[in-house]
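Thanks for coming, everyone. Let's take a quick walk through one structure. Have a look at it first.

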Amino acid sequence: MASIEVSNLRKTFQTKRKAAGLGGSLRALVKPEYSSVEAVRELSFQMDTGELLGFIGPNGAGKSTTIKMLTGILHPSGGAAKVLGFVPWIERQKLAYHIGTVFGQRPQLWYHLPAMDTFILFGKIYELDDGETKKRIDFLSEAFEIQDLLDVPVRKLSLGQRMRCEVAASLLHRPKLLLLDEPSIGLDVVAKQHIRDAIKRMNQEEGVGVLLTSHDAGDLEALCKRVIIVNHGQIVYEDKVSNLKRRFLTTKLVQVRYAEEVAKDFSINGVETLKVGRYGVKLKFDTMQTPVDSVISHLSDVGDIMDITISDPPLEEVIAKIYQEAGTSTQVHR
Amino acid sequence: MKPFSKYWSIFQITLLNSLAYPGELVGRSLMIIPFMWIFYQLWKITFSAAGVEVMSGLTLSNTLWYLMLAETIELGRPPLARTMSENVKDGSIAYILNKPYDFLLYQFSATMGETIFRAMLNAVFGGLTVWWLVGAPQHPEGFLIAIPAILGAWILHFCINAMIGLSAFVVEDVSAFTWIYQKLAFIFGGMLIPLDFYPQWLQTLAKFLPFSSAIYGPARLFVTPSVELFVNVMSLQLAWILALTFVLVIVYRRGLTQLTVNGG
C-alpha cells in the first residue's frame with residue numbers, strides 16, 4: 001500500500017522584485033513588480049508503506065517545499081497528494097497524529113529547557129497516557145543513546161546531540177511516517193552515522209516509513225533503498241539506490257597530502273590527475289575501472305601519506321551527468 | 001480531558017520557559033519603577049496646577065494606581081505579533097503548524113504562560129513604587145474584582161495581536177502594524193492619561209473602541225470598583241472578545257492558504 005501518493009503537485013511563489021538602491025525601493029513602493037517562482041512543478045511519485053525513500057537534490061530544488069506540502073503546512077498551487085490516506089492541507093491536524101517531522105535547520109525542542117520537558121509536552125500534545133509516554137521515552141533514549149542528554153538544557157547540547165534528540169522527539173507518538181528534511185545538515189561524520197543507524201533501526205523495528213531529503217549523497221547510500229532526485233522542482237531521476245550507484249556514483253575524488261615533495265609528472269594508470277601541488281595531489285577515478293584499494297596502494301607507494309580524503313562527487317555533478325545521459329538517450333530514468 | 005490537558009501543558013512549558021533567565025525577567029520588570037515615578041511627577045504637578053483634589057472622579061492616588069494597573073496589563077503581555085512574524089520569517093512556523101492542536105489555542109496558551117510572571121513582577125514592583133509615592137490604594141478589594149477584567153483584557157490583546165501576527169503570513173514583517181496598535185492603545189486605551197480626563201466626545205469614542213476594554217476598563221474597575229462598573233466593563237469586553245474571536249478565526253483560515261514558509 002502506498003503511504004504517499006503525489007500527482008502533478010505544483011507550488012508557485014510570488015516574490016516581490018526590487019531594483020537595487022533607493023530608487024529601486026521607491027519604484028517598488030509605487031508600482032510593485034512580482035515574479036513567479038515555480039518551486040515545485042508537476043511532481044508525481046509514490047512511496048510505499050515502510051519504505052526508506054531518499055528525496056534529494058541541490059539547494060533550491062523544491063525538496064523542502066514538497067515536504068511542507070506533504071505535512072499540510074503549505075497549500076499547493078495545483079495537483080493532488082494523499083499522505084496515509086489524508087489530504088494534508090485539508091486534514092492537517094488529523095494527519096499530524098500519524099507523522100513525525102524533523103526540519104534539520106530548525107529546532108523543535110524548547111531551546112532553553114531540557115529535552116525531557118519537550119518530550120513530556122509532546123506526550124500531552126499527541127494525547128499519550130503518562131505511563132506510555134514514559135515507556136516510549138525510555139525506549140527512544142536507549143535507541144538514540146540520549147539517556148544522559150535529556151536533563152540538559154537543549155542550548156547546551158552539541159548539534160549532533162541535539163539532532164539525535166530532535167529525531168527521537170519526532171518518533172515519540174509512534175508515527176507511521178517520518179519526514180526528515182536535511183536531518184544531517186552541519187553534522188560531522190560520526191554524528192551523521194549515529195543518526196543514520198538510529199533511523200535505520202526504527203525503520204526495521206517499527207516499520208516506520210522514512211522520506212528523507214538531503215543534499216548529501218552519503219545519507220542516501222547509507223539509508224535509502226530508492227531515490228528520487230529533483231532539480232528545479234521536477235523529478236530528474238527515480239530508481240533504486242543500487243542502480244544509481246552503479247550508473248552515476250562511480251567516480252571518487254581523492255585528495256592526498258605527502259610528507260615530502262611530489263614529482264611534477266605524477267600520474268597513476270587509470271586515474272585522472274586534477275591537480276598536482278608541491279606536497280599534495282587531487283585525483284579523480286572511476287571505481288568501476290580502477291578499484292579503490294589499487295589507487296590507495298599506488299598512492300602509498302609514492303611516499304608517506306600525511307592526510308587523505310576520499311569523497312563522492314558533489315550532487316550537482318551527478319545531476320549534470322544524469323541530464324547528459326537523458327539528453328543523449330532521450331530516455332527519462334523513471 | 002485530554003484535548004484540554006495539551007493546552008494546559010503548553011501553558012506550563014511557556015511558564016517554565018519564561019523562567020529560563022530570571023535575571024532578565026526581573027530586570028525588564030524593573031522598568032515600571034521609573035515609569036511610575038515619572039507619572040507621579042507629571043500628575044502631582046497637574047493636580048496642584050489645577051488646584052483640585054479630585055479630577056473627573058479620580059484623586060492623585062487613584063490616578064497613579066490606575067496607571068500602575070494599566071502599565072502592568074500592557075507590559076505584562078509578550079510581543080505575540082512580533083514572535084509570530086519571526087516564526088514566519090525564520091521558518092519555525094513549520095513546527096508550530098504541524099502538531100495536532102488548534103493553532104490559535106496553542107498561541108493563546110503559550111501567550112498566557114509567558115504573561116503570568118511578567119505581569120506579576122510588574123504588579124509587585126509597580127505596586128510597591130506607587131504605594132511608596134501615594135500610599136495604599138483606596139479600594140484594595142478592587143484588585144480582586146478587576147481580575148476577570150484583567151484576564152479579559154489579555155484575551156482582547158491576544159485577539160488583536162494574533163490578527164496582526166497572522167498578517168505576517170502574507171506580509172512577513174509586521175512591525176509597522178504593532179507600532180500603530182501600540183500608539184492606538186496608548187491614546188484610546190488610556191495608558192498615559194485616564195480616559196476620564198479627555199473631552200467628552202473623545203471619551204465617548206474611546207470607550208466604544210476595543211482598546212479601552214483592554215486597558216482602561218480593568219484599571220478603572222480596580223480604583224473605583226462597583227457592581228455597575230463591573231457589569232459595564234465585563235459586558236463590553238465580552239462583546240469585543242466575541243466579535244474579535246470571530247474575525248480572528250476567519251483571518252486565520254484565510255491566512256493559512258496564503259502562508260509562505262521561508263528557508264530550507
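How many residues of chain B are in contact with chain A? On the chain B side there are 24, and they touch 27 residues of chain A. Contact here means that the C-beta atoms of two residues, placed from the backbone, lie within 7 Å.

A word on the source. This is a predicted model, where local features need pLDDT of at least 70, side-chain atom pairs count only at pLDDT 80 or more, and totals for chains, interfaces and linings use all residues. Residues are numbered from 1 along each chain as its sequence is written, and chains are lettered from A and ligands numbered from 1 in the order in which they are written.

Back to the side of chain B that touches chain A. Helix H1 (2-18) and helix H6 (93-97) of chain B each supply at least two residues to that side. H1(B) gives the most, with eight residues. By class, the side of chain B that touches chain A has eleven nonpolar, ten polar and three charged residues. Nonpolar covers Ala, Val, Leu, Ile, Met, Phe, Trp, Tyr, Cys and Pro; charged covers Asp, Glu, Lys and Arg; the others, Gly among them, are polar.

Next, helix packing in chain B. Take helix H3 (residues 32-50) and helix H4 (residues 60-76) of chain B. Their axes come within 10 Å and cross at roughly 150°. Axes are lines fitted to C-alpha atoms, for helices over the stretch in contact, and angles run from 0 to 180 degrees between N-to-C directions. H3(B) and H4(B) are therefore roughly antiparallel, the word for angles over 145 degrees. Which residues meet? From H3(B) they include Phe35(B), Phe39(B) and Trp43(B), and from H4(B) they include Leu64(B), Leu67(B) and Glu71(B). The residues of this contact divide into twelve nonpolar, one polar and two charged.

H3(B) also meets helix H7 (residues 103-134) of chain B. These axes come within 9 Å and cross at roughly 35°. Among the residues in this contact are Trp37(B) of H3(B) and Phe125(B) of H7(B). By class, the contact of H3(B) with H7(B) has eight nonpolar, three polar and no charged residues.

Now chain A. An open sheet of six strands has the order S5-S6-S7-S3-S8-S9, with mixed pairing. Strands pair if DSSP finds at least two bridges between them. Strand S5 (99-103) and strand S9 (234-240) of chain A stand at the edges, each with a single partner strand, so one side of each has no neighbour in the sheet. Inside, S3(A) and S8(A) run parallel, joined by four bridges. Gly54(A) stands opposite Val227(A) in S8(A).

Last, strand S12 (residues 280-286) of chain A. S10(A) pairs with S12(A) in the antiparallel sense over seven bridges. S11(A) and S12(A) also run antiparallel, with five bridges, and a hairpin of three residues joins S11(A) to S12(A).

Note on methods. Angles under 35 degrees count as roughly parallel, over 145 as roughly antiparallel, 65 to 115 as roughly perpendicular and the rest as oblique.
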